[in-house]
Every structure is written in structure tokens, then in C-alpha cells.
Amino acid sequence: MARTVAIGEQDFREMIQNHYFYTDKTGFIKEWWENGDSVTLITRPRRFGKTITMSMLYHFFSVSQKGGEALFQSLKIWKEEKYRNMQGTYPVIFLSFAGIKGHSYQDVYRDICRVIAREYRKRVSIMENKCFLQSDREQYFRIIDGSADTGEVRASLNQLSEYLFHYYGKKVLIFLDEYDTPMQEAFVNGYWEELTDFMRGFLNASFKTNPYLGRGIMTGITRVGKESIFSDLNNLSVITAASRLYETAFGFTEYEVQEALQEYGLQDESDKVKLWYDGFRFGNCDNIYNPWSITNFLKFREFGAYWANTSSNQLVSNLIQQGSPNIKMIMEDLLQGKHFCTSMDEQIIFDQLNHSESAVWSLLLAGGYLKIVKTGVWNRESCESGIEDISYELALTNQEIVFLFKKLIRGWFDPTDAAYNGFIKAMLADNVKEMNAYMNKAVPLLLGCFDTGNRPSAKTEPERLHSVKATTKGLKEPNPSVCFYHGLVLGIIVDLAKKYIITSNRESGLGRYDVMLEPRSLADDGIIFEFKVFDGDGENGLMDTVHAAIRQILNKKYAAVLEDKLVDKSRIRIYGFAFRGKEVLIDGGYLAKYESAQYHALLEGYDYS
């Protein structure tokens with residue numbers, strides 16, 4: 001009989017005692033212990049079994065859990081006599097910061113104090129021992145009642161380790177789960193510097209200058225940059241997605257998934273399960289499955305974006321929505337199933353996320369949104385020292401992640417749902433009048449949604465959108481105003497991905513078009529967009545700007561790539577978009593119309609210099 005699937009249960013004891021579905025990961029106990037590292041930081045995506053693994057370690061090692069034979073006797077670790085003798089023999093401090101998500105530093109600091117106080121409260125009876133002084137008891141109870149000062153809180157795990165060492169006569173194991181959850185909240189909510197100052201001292205006291213520490217483990221989603229909070233922890237062994245240690249300890253392997261599908265009579269769904277939930281890679285181990293999604297699939301027996309819907313993706317959403325034009329263009333390719341190559345450091349330097357594309361890709365990789373297809377080594381041409389960098393070939397992890405990003409992009413446009421659906425219908429029908437009507441409804445609502453924080457937007461500096469000249473040539477840096485509107489239009493048409501291959505800023509003919517919709521069926525029209533911002537110095541009105549956009553499509557022969565794909569010339573439509581602040585003007589139609597003698601005047605007098 002198949003075991004009950006208990007969604008969300010993260011207590012190891014409850015899982016085993018109630019015979020819930022559990023994949024045996026106790027081999028990690030032996031692997032970690034025999035590596036002998038003083039302090040280990042393991043980064044894995046959310047919902048990948050970090051908390052249940054830490055709970056397993058607690059129940060195995062903690063002296064308070066001695067006599068745990070019933071929990072482990074049917075699992076791999078119990079086959080090892082050495083480890084059977086280790087069960088329940090260490091004082092263990094086990095904390096989780098997973099639920100610490102305050103909107104201010106004060107909120108987060110208070111919650112951290114409560115988590116630590118809870119750990120103190122569990123052991124309050126040890127203070128009755130005569131080995132402790134009255135001053136020890138007073139300090140102990142200041143942590144519990146919340147009256148301790150910041151210095152005492154920073155040193156609280158160090159101090160608790162000393163108490164436990166004197167009580168049990170043995171060095172302490174410290175397990176800190178989801179250490180970086182408060183850090184991500186601090187970055188999103190604007191109290192990064194305050195929290196990093198506290199965390200630096202707290203982690204140093206707990207894991208570096210702690211003479212009573214036997215070994216420690218921290219888990220999290222990201223490897224926060226060393227200079228931020230780990231500057232003093234030179235004893236830290238960091239295990240990221242690229243590391244070969246503990247490759248199969250988190251997530252489900254191909255074998256484990258096939259065994260589970262067999263147990264629940266779902267083996268016929270294995271190919272689709274692979275498409276939706278496979279794709280993660282840790283170290284050299286391919287085909288790691290998302291455990292949260294697999295367990296949900298086993299319980300509900302239907303495919304869905306279980307992992308994508310579990311918690312906020314606000315930071316990821318912000319970084320892409322407010323990112324550079326290049327980030328948006330790479331995301332377009334990724335959503336089409338393409339790969340891209342980049343060099344990056346797997347440590348996340350949060351201070352760089354607003355202006356470093358490498359930092360953004362590092363975060364997306366650590367979070368499980370991207371997977372490593374392969375790695376290589378290359379020398380930067382500009383680096384005289386010849387130091388080798390790692391090059392990563394990356395792709396979206398699986399079908400569930402594709403679903404997530406399409407949902408995120410769609411969410412940016414919720415306030416204009418009717419407008420952008422109307423625009424799509426009008427565009428497919430070549431109804432220019434309605435395209436104009438819907439776009440002029442949507443743009444005023446969307447101007448605040450894409451403010452990047454690093455470049456001017458219509459919300460922060462609308463006058464810049466009126467005055468910056470829109471002309472670009474070749475590979476010149478894109479005009480930020482054009483890119484701003486470019487992003488809006490791409491977001492509006494994202495739902496057409498099943499009908500069209502949507503690309504932007506790609507070479508065709510004699511230049512680079514802004515947006516192209518290549519039909520997946522030759523029965524549909526091919527469509528080209530060109531965007532321009534009104535130039536008050538050389539144009540009398542938005543119609544002049546629209547004509548300049550159409551002339552560029554024609555003279556630069558942007559339709560060439562569609563013709564090469566065998567799209568009939570009579571099925572190619574071109575549109576010029578002119579923007580001035582919140583105003584939009586669109587004109588265009590079938591290519592043949594603009595190549596006729598009637599519109600030949602549009603081809604004359606356009607200066608590309």
C-alpha cells in the first residue's frame with residue numbers, strides 16, 4: 001500500500017513515525033561527517049529538502065533525541081555500526097530563519113531574538129546545575145525575556161554553546177536553516193546595511209570565534225557575498241549548485257522518482273514528469289527533480305506549477321522587470337527554449353544586483369530558475385594575468401519554470417488586462433485604429449510598472465522621454481527611452497508565444513529590428529514593429545515619428561529574415577510606433593502597401609547618421 005503523502009511536513013520524526021512518504025537521504029549524515037569540515041554552507045533552491053534534512057540531523061545527533069533507533073533502524077545510516085553508536089550523543093543547537101520576513105530591520109531583529117530565545121527556553125533546566133553562576137543565569141534569562149542588548153544577542157549562540165559544553169562536557173553542533181531569508185527581505189525592503197552589520201557579528205561569533213563549536217551547517221538559497229557577512233569566516237566550506245559534494249542529498253534523483261511513480265501507480269506519466277519537474281543539476285549529477293513538485297504530483301495526480309506557487313518570487317520579478325534591455329532580451333530567448341553563455345561568480349553580491357547582470361544570473365541559478373547545461377573554461381582577452389574564468393551555459397530549468405516566468409510577466413500587466421487583450425485582438429486583425437485606442441489606454445497605466453531605478457522612466461523623469469533622440473545605428477547602445485517602451489510592448493504580446501516566435505533586437509537585412517513576430521504556421525502573418533520616441537528638434541508631430549519608423553523597416557530590409565523563413569511577402573505586416581510621454585501613435589499594415597508607388601515618398605529623405 002502506498003504511503004500517505006503529507007504536503008508541507010518538515011519534521012523528520014513526524015515523517016517517519018506516521019509512515020509518510022519519505023525518500024531516504026540519511027546517507028548525507030555519513031557523507032557530511034566524514035568530510036570533516038568545521039562549518040558547511042549548503043545552498044539549494046527553496047523547497048528542496050533543506051529543512052527536513054536539518055531536522056533529520058537534529059534527531060540523529062541531538063542528545064535530547066537519544067534512543068532514536070525506531071526512527072532510523074529502517075534507513076541507510078543504521079547499517080553503519082559507527083553511526084549507530086553516534087546517535088543521540090551531541091548537544092545540538094537547531095534554528096531556522098525561514099519565517100523571518102519583516103518589512104523593517106526592527107521587525108527582523110525582534111524575530112531573530114525570538115527564535116534564539118526559543119532555543120534557550122528549550123534548555124532552561126540546565127541552569128539549575130551548580131556549575132553555573134548567578135551571573136550566567138541572569139544573562140540566560142535576559143535572552144529569554146528579550147531584555148538582552150544587541151551585543152549579547154550577537155554572541156547568544158556562542159554563549160549557549162559554552163553553557164551546553166560545560167553541562168554535557170562535549171562540543172556543540174549548530175544547525176542554522178535558511179540563514180539568508182532575512183537577507184533577501186532586507187535587500188527588497190531597504191534595510192540591507194543594518195542587517196548585514198548585525199549578521200556579520202552574529203555569524204562570526206557563532207561559527208568562527210566559538211571555541212565550543214564542534215561542527216556547524218548553514219543552509220540557504222544563496223551564497224551571500226563574502227564581503228557582506230562572511231568576511232571573517234575563513235573556515236567556511238561553501239557548497240553551491242556547481243559543487244560536487246552532496247550532489248544527491250537534496251532533490252530527487254531519476255531513480256528515486258521512478259521508484260516513487262511505481263509506488264503510486266503513476267509510472268506511465270514518467271516522460272511528462274521529466275518535462276515538468278526534472279532539469280536541476282548539482283555538481284556533475286544531472287536529472288535532479290524538484291522534490292516539492294514531485295510530492296504534490298504524487299498526492300494530487302495532476303500536473304501543475306506547485307513549486308512556482310509556493311511563495312513570493314518578488315525579488316526575481318523585480319530584477320527582471322526593472323533590469324536592463326539585455327536581461328529582457330535574454331529572457332525572451334530563454335522562454336523560447338534557447339541557452340545562453342555567461343561568466344559569473346556563484347556568490348551573490350546583493351549590492352550589485354541593481355547594476356550587474358552577472359549577479360542577476362547568479363541569483364537565478366542559485367534559486368533554481370536556471371540550470372547549468374554545461375561549463376567551460378576560458379581566458380578573458382582583456383585580462384593580462386590570464387586568470388581562467390568559468391563559463392556557464394544556462395537555460396530555464398524545466399516546464400514549470402517557463403510557466404512561472406510567463407505568469408510573472410503576465411502579472412506585471414494585470415491593471416491593463418482588458419487593454420492588452422484588446423490590443424492583441426486588434427493587432428491580429430490588422431485594425432490599426434483599435435490598436436491605437438487600446439495602446440493609449442494601456443501605456444499610462446504601465447508607465448510606473450517598469451521603472452528600473454537605474455535609468456530614467458516616464459514616472460521619474462518624463463521630460464527625458466520627450467527630448468532624447470531615438471535614432472540608433474548598428475550595435476550602438478540602445479536609447480533608454482526606446483528600451484523602456486520596448487519592454488512594455490514585449491510584455492503585452494507575451495501571450496502570443498504559442499502562435500509566434502517573438503524576438504527583439506536581432507539582425508535582419510541591413511540592421512536590427514526592434515520586435516519581430518515570426519509565425520509558427522505559414523498560414524499566419526509575419527509582423528515587424530519599430531519603436532521611436534518623438535524628436536522635438538526634427539519632427540513636427542507623432543506622424544513624422546511613425547513615418548521615420550516605417551522608413552527604417554523598409555530601407556533596412558528588416559523583412560529579409562521572414563522571407564528567408566518562407567513567409568510570403570504578401571503575409572508580412574509592418575508597424576511603426578511613435579511615443580511621446582503617455583501618448584502613442586501606431587501606423588502600418590501590409591508590406592506591399594508601403595512598397596507601392598503611393599507610399600514611395602516615405603522612403604525619401606531619412607537620415608541614419
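Trainee: Why is threonine 43 called buried?
Mentor: This is a predicted model, in which local features need pLDDT of at least 70, side-chain atom pairs count only at pLDDT 80 or more, and totals for chains, interfaces and linings use all residues. Residues are numbered from 1 along each chain as its sequence is written, and side-chain values use heavy atoms, with hydrogens and water left out. Buried means under 20% relative accessible area, exposed over 50% and partly exposed in between, with a 1.4 Å probe and protein chains only; threonine 43 has a relative accessible area of 5%, so it is buried.

Trainee: Where is threonine 43 placed, and which residues is it in contact with beyond its neighbours within four places in sequence?
Mentor: Threonine 43 is in strand β1 (residues 39–43), strands being DSSP runs of E of at least two residues and helices runs of H or I of at least four, numbered from the N terminus. With those neighbours left aside, threonine 43 is in contact (heavy atoms within 4.5 Å) with Gly220, Ile221, Thr222, Arg223, Ile239, Thr240 and Ala241.

Trainee: What makes aspartate 430 buried, exposed or partly exposed?
Mentor: Its relative accessible area is 25%, and therefore aspartate 430 is partly exposed. Aspartate 430 lies in the loop between α20 (417–428) and α21 (432–446), and its phi is near 55°, a positive value in a residue other than glycine.

Trainee: And how do you know which class asparagine 505 belongs to?
Mentor: Asparagine 505 has 22% relative accessibility, so it too counts as partly exposed. This residue lies in the loop between β13 (500–504) and β14 (507–508), with phi near 55°.

Trainee: What makes helix α15 mostly covered?
Mentor: Eight of the 10 residues of α15 (residues 291–300) are buried, among them Trp292, Ile294 and Phe297. Just after α15, arginine 301 takes a positive phi of about 60°.

Trainee: How are the axes of helices α6 and α11 arranged?
Mentor: The axes of α6 (residues 105–122) and α11 (residues 192–207) come within 10 Å and cross at roughly 25°. Angles under 35 degrees count as roughly parallel, over 145 as roughly antiparallel, 65 to 115 as roughly perpendicular and the rest as oblique, so α6 is roughly parallel to α11. Here axes are lines fitted to C-alpha atoms, for helices over the stretch in contact, and angles run from 0 to 180 degrees between N-to-C directions.
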